[in-house]
Amino acid sequence: MTMSRRRYLRIQKIAGLVFGIFFGILLSSWCRHTFLPCGPLIERCCIHINYHLNIVEHAPVDKVPHHVRLTQPASSGAFNFSRYIPKDEKGFLLIGVITAKKFLNTRAVAAYDTWTNTCNGICKVIFFSSEGSVSEHNIPIVSLPGVDDSYPPQRKSLMMLKYLHDHYVNNFEWFMRADDDVFIKGDRMEKFLRSINSSVPQYIGQAGTGKREEYGKLYLGKHENFCMGGPGIVMSHVTLRLVAPHAEECVNNLMTTHEDVEVGRCVRKFTGLSCTWAFEMQHLFYQNYKEEAGSFRTTLKDKGVRKSLTLHSVKDPRQQYRIHNYLRSVHIQDLHHKEILLQREVTNMERLTGMRPTNIKQGAIPSLTKSVPSTADEVLAWEFISKAIVSHRSSNPRHGINYPLKVALEENINQLLQIINKNARQKGRTIDYKEIWYGYKRVNPLHGADYMLDLLLTYKKHKGRKITVPVRRHAYLQQTFGAVEFIEDPYTANYASLKSDVESPDLFKYLGAGTNYTELMKLDKSREVIHFILPLAGRLDIFKRFISNYEEVCLKTNAAAQLHVVLFNDSDTSSADKIIDLIGQYQKKYGGQNIEIIFAKGPFARAKALDIGASQCEQNALMFFIDVDIIFSKATLHRIRFNTKLGVQVYYPIVFSQYDPTFICSEKSTSKPCHIDWRNFTSDMGYWRNFGFGIASMYNSDLSSVGGFDTSIQGWGKEDVDLYTKFAESRVRIFRAVDPDLVHAFHPITCDSSLNEAQSVMCIGSKASSYASTKYLAKLVKSIPQIMNRKVGSR
């Protein structure tokens with residue numbers, strides 16, 4: 001009995017000791033966070049980020065003591081601040097953007113039109129500029145009294161914090177200081193801040209200690225830092241309450257010329273806080289060091305961009321719209337992917353319950369055998385991918401990877417790596433893409449694109465024994481087609497478009513040079529006059545076919561079109577006289593205003609002819625450069641009008657070029673005359689001229705803006721490539737698309753020996769590609785024993 005009592009007392013003492021220690025830890029922790037947030041060990045104080053938490057409970061803002069009485073700010077210009085942020089609003093995040101007078105109508109407008117819309121009603125944005133600042137646009141701008149646009153903007157930044165404190169400290173949980181050249185993802189920023197306690201002092205951003213050459217010159221202690229201003233700085237409302245009332249004192253005691261350093265010094269002095277040391281901050285608050293000029297022109301698709309909360313720097317306002325559109329497209333892709341997954345789940349449930357599937361194509365599970373061929377012609381051939389692509393679809397079987405395929409591969413591989421690295425933090429490893437070793441690709445017209453890729457990856461283990469090794473993995477990917485969607489372009493809609501639609505920055509702003517789109521929308525595009533400009537030298541029989549086609553399409557239908565024939569008559573005067581007589585007959589029949597003949601001196605030069613023809617048209621004239629070998633229909637007129645946009649876009653249609661009819665007709669064993677349908681677009685009849693740039697439509701003013709034609713180019717070719725290059729390097733965009741109503745009829749090509757080397761290579765290449773299809777030529781070569789059975793090394 002005595003032994004049992006002693007054992008009981010001993011257990012009781014141990015239990016009491018454990019309970020006392022546990023209670024003491026809880027009490028000390030409560031006291032530390034209540035009375036000494038972060039305490040004297042401030043250099044080691046950090047925040048805890050819960051990446052798996054979306055929403056947490058917060059202390060009500062109105063219960064936190066405040067030092068400054070709330071006053072309503074005065075309106076700046078035409079913007080209504082009282083309606084933008086009501087007096088009793090309890091918001092989540094208020095972003096103050098530092099800008100200057102010279103950027104009020106560029107960077108500030110671009111930011112307000114783009115990333116401020118990503119907050120989903122959670123955040124509000126106010127722009128702060130120097131005294132007397134006024135914008136032409138209705139955006140929230142505060143003109144800070146006694147502040148100029150001098151750089152660095154130390155006074156502007158601290159006075160902005162004071163303004164936010166004096167007017168809105170009771171209205172928001174979080175406050176952010178940002179530059180006008182940063183892009184903020186409002187939705188991701190909200191999710192991030194929801195996981196952090198705003199009722200204690202917080203000072204969040206990418207920690208910096210200065211450049212190497214500045215060490216020891218910024219007056220920072222051993223464990224001191226500052227939040228870099230470029231990617232953005234976030235403060236809780238408690239931090240703002242402690243710092244903002246002392247803004248004037250901080251301005252009067254500056255120690256460096258760096259604005260973000262001084263803000264960090266002010267925050268540390270009155271709160272004891274350092275910027276967050278967390279490693280993730282350099283990825284969340286992203287500073288682009290890869291591009292010297294910034295603006296994410298070449299790094300927009302880097303993996304770090306997707307993970308970030310902010311992107312800095314975006315110096316070019318147009319890039320704000322590009323980034324905004326790209327992130328929206330990524331979001332749309334994610335939604336389409338979710339839609340396809342749901343369709344597959346619905347289809348699977350319908351099959352399990354015995355119901356007939358309602359959406360077989362969208363609901364089909366991933367498979368490389370979705371379509372089973374019944375004949376050899378239905379077999380879907382694979383194209384080989386390595387450093388180049390080997391394809392049976394091109395007359396040149398081996399060629400470089402074109403831009404659309406490159407983009408598709410990048411997007412698919414990025415999505416693949418996101419899936420692989422989904423739980424990378426928990427697994428303690430990440431896998432990065434290095435390059436494609438080799439692969440295969442095909443397109444199923446009913447379902448989508450299929451890829452089989454051998455990828456070279458980099459395996460990085462960052463838990464335990466850290467290693468970095470290269471690995472190879474096979475990936476079987478399918479890019480499923482989505483449902484068909486119809487979207488009406490407000491530029492070409494039949495209804496009266498709103499001014500906001502026509503002047504939308506995503507469509508036209510910054511693209512045209514002073515074009516009045518409101519007046520342009522009043523124009524009836526269906527009756528806009530098209531000026532056909534035709535260079536011509538001899539070739540009477542071919543011109544008869546062209547003018548007959550032009551009569552059927554334009555003259556008989558009274559279409560809004562004019563034909564300008566630029567005629568060279570030095571080489572063949574008799575043919576030129578007959579052409580003149582033929583044009584005269586059409587002028588008598590349909591009126592001289594519809595057909596014009598312009599005489600050009602000297603040897604034939606297409607660049608010179610098109611330049612002369614364009615000089616006869618007004619600056620706002622819509623011109624279509626055409627060749628005498630082209631056959632077209634009325635539908636082409638519609639595409640020319642609606643695909644060519646003044647000050648914005650030129651149209652380069654992709655033309656179908658016919659093969660030599662003698663080869664085609666030799667295949668047909670019939671005594672009847674061989675008739676070739678010019679609308680037959682099969683691979684045996686011709687090919688699409690993807691690299692032909694001679695046929696184009698544009699406005700005369702746009703032609704002049706890029707410098708026009710190089711009239712020093714003589715003879716055949718090169719002038720079209722030169723003009724195309726000028727447009728590619730200009731602000732006017734190029735639109736290319738297959739036009740099924742534009743056909744280049746076959747004619748024998750003769751390459752003049754006087755052509756320079758570049759023109760001669762182009763001419764010979766065009767001549768070779770116009771003989772016949774690769775399939776027919778291979779069959780022809782196979783049928784000639786002298787070629788197939790020749791000895792190695794013989795010719």
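The structure is a predicted model, so local features need pLDDT of at least 70, side-chain atom pairs count only at pLDDT 80 or more, and totals for chains, interfaces and linings use all residues. Residues are numbered from 1 along each chain as its sequence is written, and side-chain values use heavy atoms, with hydrogens and water left out.

**Exercise 1: The whole chain**

Describe the protein chain by its secondary structure, burial, contacts and surface.

Solution. 
- Step 1. Begin with the secondary structure: the chain has 26 helices and 26 strands. Helices (H or I, at least four residues) and strands (E, at least two) are DSSP runs, numbered from the N terminus.
- Step 2. Turn to burial: 45% of the 795 residues count as buried. Buried means under 20% relative accessible area, exposed over 50%, and partly exposed in between (1.4 Å probe, protein chains only).
- Step 3. Look at contacts, meaning heavy atoms within 4.5 Å. Among contacts with a separation of 6 or more, 74% come from residues 24 or more positions apart.
- Step 4. Finish with the accessible surface, which is about 43,700 Å², with 56% belonging to carbon and sulfur atoms. Accessible areas come from the Shrake-Rupley method with a 1.4 Å probe; for residues, only the protein chains shown count as cover.

**Exercise 2: The disulfides**

Find the disulfides and say where their cysteines sit.

Solution. 
- Step 1. Take Cys119 and Cys123, joined with an S to S distance of 1.8 Å. Their link is right-handed, with 60° about the S-S bond, and both cysteines are buried.
- Step 2. Go on to Cys227 and Cys275, whose sulfur atoms are 2.0 Å apart. This link is right-handed, with 100° about the S-S bond. Cys227 lies in strand 8 (residues 226-227) and Cys275 in the loop between helix 8 (259-271) and helix 9 (281-284), so the pair ties together parts that are 48 residues apart in sequence. Both Cys227 and Cys275 are buried.
- Step 3. End with Cys250 and Cys266, with sulfur atoms 1.9 Å apart. The torsion about their S-S bond is about 70°, so this disulfide is right-handed. The pair links distant parts of the chain, with Cys250 in helix 7 (residues 247-251) and Cys266 in helix 8, 16 residues apart. Both Cys250 and Cys266 are buried.

**Exercise 3: Helix 17**

Solution. 
- Step 1. Locate helix 17 at residues 540-555; its buried residues include Leu540, Phe543, Phe546, Ile547 and Tyr550.
- Step 2. Name the partners: the buried residues pack against strands 18 (530-536), 19 (561-568), 20 (595-600) and 22 (630-632), and against helices 18 (573-590) and 20 (634-643).

**Exercise 4: Ser308**

Solution. 
- Step 1. Is Ser308 buried or exposed? Its relative accessibility is 0%, so Ser308 is buried.
- Step 2. Look at its neighbours: leaving out residues up to four places away in sequence, Ser308 touches Lys185, Arg188, His283, Leu284 and Tyr286.

Key: A disulfide is a pair of cysteine sulfur atoms within 2.5 Å.
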